[in-house]
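I opened this notebook to keep track of what I looked up. The entries follow in the order I made them.

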Amino acid sequence: MAIKFDTRYPSIEDLRRKAQKKIPKFAFEYLDGGCNEDVNLIRNTAEIRDIQLKPNYLRKHHGSSLKTKLFGIEYDAPFGIAPVGLQGLMWPNSPEILAKAAFEHNIPFILSTVTTTSIERASELTEGKAWFQLYHPTENRLRDDIIKRAEAAECPVLVILCDVPTFGFRPRDIRNGLAMPPKMNLTNILQAIGRPHWSLQTLKHGIPNFEVLKPYMPKDLDLKQLGKFMDQTFSGRLNEEKIKPIRDMWKGKLVLKGVASEYDTEEAIRLGLDGIIVSNHGGRQLDAGQSTVKPLATIAEKYGDKITVMMDSGIRSGPDVARSMASGAKFTFMGRSFMYGVSALGKKGGNHTISLLKTELQQVMEQLCCEKTTDFPYHLIK
Ligand SMILES: Cc1cc2nc3c(=O)[nH]c(=O)nc-3n(C[C@H](O)[C@H](O)[C@H](O)COP(=O)(O)O)c2cc1C
């Protein structure tokens, strides 16, 4: 097994612990937390880990390959980087660091509407390979303009989101003044001073900005006005009337993220979407909801030949990717794992985390005698 990562951090949990020491508490808690009592957050990983796989040691083995085809593109691994908002708050330049690492490792990177680099910059860093996730704008003009920018930047896949009809109820963010409208209070300032490396890097790179939205924002908004702007600009509740014009306008692949039911899957198929990401936003929206791996199995079995079924929420390792693929996902995504990596290791974090996950997954495949990533379901113990 060739080790191509920093051996001090051989697991996502090592990166998480390091990140906790490295960045201010309000930023770490924004990244790490779920919602309400964190039941859904914990359930996501716990139920993925209930899944067990069966090896066939004596089978002829010609080697294992992580390469996986998705929407006609061959990626070097069956996992990608999920869209995360406000990334620059956790570590300056983190969306750029991750986009570059994703490009070098040939895996997908999804840029969020509310993160801190622009569509154009993400596209430049990935030579047009970055996907884009659209939060639904209230005004059609704004929606069309953002979609045109994604098209001009040659994004191959547009991701729309159905699991944010309301902002999640997140006690830590409320306590830390990060709920909408955000407040920078004395406690947050003291927490930042307690993390000098983070503070220095943040000062060096400047206060993070919503780069995708900058062209539409009035200049010099204070934090309270920013909250108001966000509330007026986006309307999270997606429905047929909102999806149809996007489908008509977007010629590339269109994916619905946040699906957790058969009903929404059937709607996605009926409205002509190309794929779904079975996801509960990493347990940040509906604490009383199921883990994603539970509905995934039913959805993949029933609809897997009609629409491309992908999955995220709760994956923290190569074995977790294998368990999710064995349960029916054609492709997987992770949000926090990569952000722990960058928060912990800065510039080196993207490359480190991808290399670590690739190494772990390669080991699982060889251990199982699984040659292709499409073969994982044959190893599932039902
Ligand atoms: C801090 C944070 C911010 C997020 N922001 C967005 C976002 O702007 N858009 C989006 O579609 N999903 C967002 N998500 C959800 C992720 O795309 C993804 O669904 C989730 O992180 C997967 O769970 P995991 O963190 O357990 O891997 C966010 C998740 C986190 C942790």
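Which side chain has an N or O atom 2.8 Å from an oxygen atom of the ligand? I found that this side chain belongs to Arg-316. I count such a pair as a polar contact, meaning N or O atoms within 3.5 Å; within protein, one must be able to donate a hydrogen and the other to accept it, and residues adjacent in sequence count only if both atoms are side-chain atoms.

I noted that this is a predicted model, where local features need pLDDT of at least 70 and side-chain atom pairs pLDDT 80 or more, while totals for chains, interfaces and linings use all residues. Residues are numbered from 1 along each chain as its sequence is written, and side-chain values use heavy atoms, without hydrogens and water.

A polar backbone atom of Gly-85 is 2.9 Å from a ligand nitrogen, and one of Gly-335 is 2.9 Å from a ligand oxygen. On its own the ligand has 600 Å² of accessible area (Shrake-Rupley method, 1.4 Å probe), and the protein covers 98% of that.

Next I checked the cysteines. I counted zero disulfides, a disulfide being a pair of cysteine sulfur atoms within 2.5 Å. Cys-369 is buried at 9% relative accessible area, and Cys-370 is buried at 0%. Buried means under 20%, exposed over 50%, and partly exposed in between (1.4 Å probe, protein chains only).
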